Amino acid sequence: MRSSTSQTLLNKTMNFDVAILNFSKIYDQESFYRSDKSSHFVDLSGISGTNCMCDDEAKEKIQKAISKCGSVQQEYDSSSFLPYGLHYIDNGNYHYVSSIYLSRVKESFSLVVLDHHPDMQRPMFDILSCGGWIVDVLDNNEFVRDVHVIGADRGLIDELPDADKAKVRFYDIEDVFGKEPDGSIKVSLPNSSFPMYLSIDKDVIKKDELVANWDQGEAEAEQVLELVRTLRAKSIGTCSALNEGKLRLLGIDICGECATDQEGVDLGQAIAGNDVFNKKILEILKDG
């Protein structure tokens with residue numbers, strides 16, 4: 001007989017909800033989610049106090065809005081929205097939503113982040129921000145056990161307080177991605193014994209491959225996709241039965257869309273490129 005704990009984990013992994021959180025209205029111009037019946041479109045564009053920083057009033061409104069996405073519970077309460085599944089969270093100005101989702105994880109977990117920025121700036125005031133959300137998780141989330149940041153700029157990492165840097169393991173792109181003998185991409189996943197939550201900021205990818213709204217790193221788009229494939233292959237995923245000895249992927253969020261008014265780029269081409277990438281992520285995670 002399956003234990004009650006195992007049944008709870010099974011229920012969580014079986015629930016595959018896709019949330020499209022539309023803060024800047026960029027997703028109005030993308031189509032990757034439109035034919036996917038598991039996707040829930042959430043219009044957050046009318047909430048003030050959300051751009052780059054999130055005040056308490058805005059946070060409560062976001063929580064209320066995303067709580068309506070889950071198939072498990074439709075009525076809002078403070079514990080109803082779920083971190084399990086796939087969340088598209090607009091451009092990098094809203095990366096702090098990762099911390100909001102992770103506040104609902106009530107079991108030990110590892111956080112794996114792909115980002116050109118360490119996102120560990122301590123705010124001048126006690127407020128959740130896109131540039132400091134990882135610090136917020138470290139300070140306030142009792143269930144986080146280890147944090148792994150891939151692709152962050154070493155110069156930005158060096159500027160962080162030593163005490164904060166010591167709490168995170170940082171990886172250069174070449175630490176994680178290599179080549180197999182046949183030329184395919186080899187992925188070395190961070191080592192952890194806990195279920196993983198993956199957060200992707202597409203600004204980790206080279207700008208000539210994909211356009212985000214912040215300065216960008218040196219990862220290849222295919223490397224990021226291959227990491228997701230590897231995680232999916234090595235895990236029981238978010239929609240498979242619980243198996244002993246398998247990595248469990250709690251959830252994934254993705255930000256890094258281009259801005260709707262971004263200058264210096266072909267905006268139509270930039271949006272189309274992000275749309276294609278987003279669809280590939282969705283297809284990887286829905287496969288199998």
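Mentor: What follows is a short talk about salt bridges, a helix, surface charge and backbone angles.

Mentor: Keep in mind that this is a predicted model.

Trainee: Fine. How many salt bridges are there in the whole structure?
Mentor: A search of the whole structure turns up 11 salt bridges.

Trainee: Start with Glu107. Which residue does Glu107 form a salt bridge with?
Mentor: Its partner is Arg248, and the closest N and O atoms are 2.3 Å apart. Glu107 sits in the loop between helix H3 (97-102) and strand E5 (109-114), while Arg248 sits in the loop between H8 and strand E12 (249-255), so the pair ties together parts that are 141 residues apart in sequence.

Trainee: Is Glu107 buried or exposed?
Mentor: Glu107 is buried, because its relative accessible area is 13% and the cut-off for buried is under 20%. Arg248 is buried as well, at 7%.

Trainee: What about Lys61, which residue does its side chain meet in a salt bridge?
Mentor: The side chain of Lys61 meets that of Glu57, at 3.4 Å from N to O. Both residues lie in helix H2, 4 residues apart, which is about one turn of the helix.

Trainee: And how accessible is Lys61?
Mentor: Lys61 is partly exposed, with a relative accessible area of 39%. Glu57 is exposed, at 53%.

Trainee: Next, which residue pairs with Asp162 in a salt bridge?
Mentor: That is Lys165, with 3.3 Å between N and O. Asp162 and Lys165 are 3 residues apart in helix H6 (residues 162-165), so about one helical turn separates them. Asp162 counts as exposed, with 60% relative accessibility.

Trainee: Changing topic. Where is there a patch of negative charge?
Mentor: On the surface, where Asp55, Asp56, Glu60 and Asp126 gather. Of these, Glu60 is found in helix H2 (residues 56-67).

Trainee: Now helix H8. What span should its 14 residues have?
Mentor: Helix H8 covers residues 221-234, and at 1.5 Å a residue it should span 20 Å. Its end C-alpha atoms are 20 Å apart, so the two values agree.

Trainee: Which residues in H8 are buried?
Mentor: Among them are Ala221, Val224, Leu227 and Leu231. The buried residues of H8 also include Gln223, Thr230 and Arg232.

Trainee: How accessible is Leu231?
Mentor: Leu231, which belongs to helix H8, is buried, with a relative accessible area of 1%. The C-alpha atom of Leu231 is 9.3 Å from that of Leu198, and the two residues are 33 residues apart along the chain.

Trainee: Last topic, backbone angles. What is phi of Lys25?
Mentor: Phi of Lys25 is near 75°, a positive value in a residue other than glycine. Lys25 is placed in the loop between strand E1 (18-22) and strand E2 (39-43). Lys25 counts as partly exposed, at 46% relative accessibility.

Trainee: And what is phi of Asp119?
Mentor: Asp119 has a positive phi of about 55°, although it is not a glycine. Asp119 is in the loop between E5 and strand E6 (128-129).

Trainee: Is Asp119 buried or exposed?
Mentor: Asp119 counts as buried, at 8% relative accessibility, whereas Lys25 counts as partly exposed.

Note on methods
Residues numbered from 1 in each chain as written. Predicted model: local features only at pLDDT ≥ 70, side-chain atom pairs only at ≥ 80, totals over all residues. Heavy atoms only, no water. Patch = residues over 30% accessible without salt bridge, like charges linked within 9 Å, V, L, I, M, F, W, Y side chains within 5 Å. Areas by Shrake-Rupley, 256 points an atom, 1.4 Å probe, with all protein chains shown as cover. Salt bridge = Lys/Arg side-chain N within 4 Å of Asp/Glu carboxyl O. Lys, Arg positive; Asp, Glu negative; His and termini not counted. Charge placed at Lys NZ, Arg CZ, Asp CG, Glu CD. Helix = DSSP H or I, 4+ residues; strand = E, 2+ residues; numbered from the N terminus. Expected span 1.5 Å × (residues − 1). Buried < 20%, exposed > 50% of the residue type's maximum accessible area, 1.4 Å probe, protein only.
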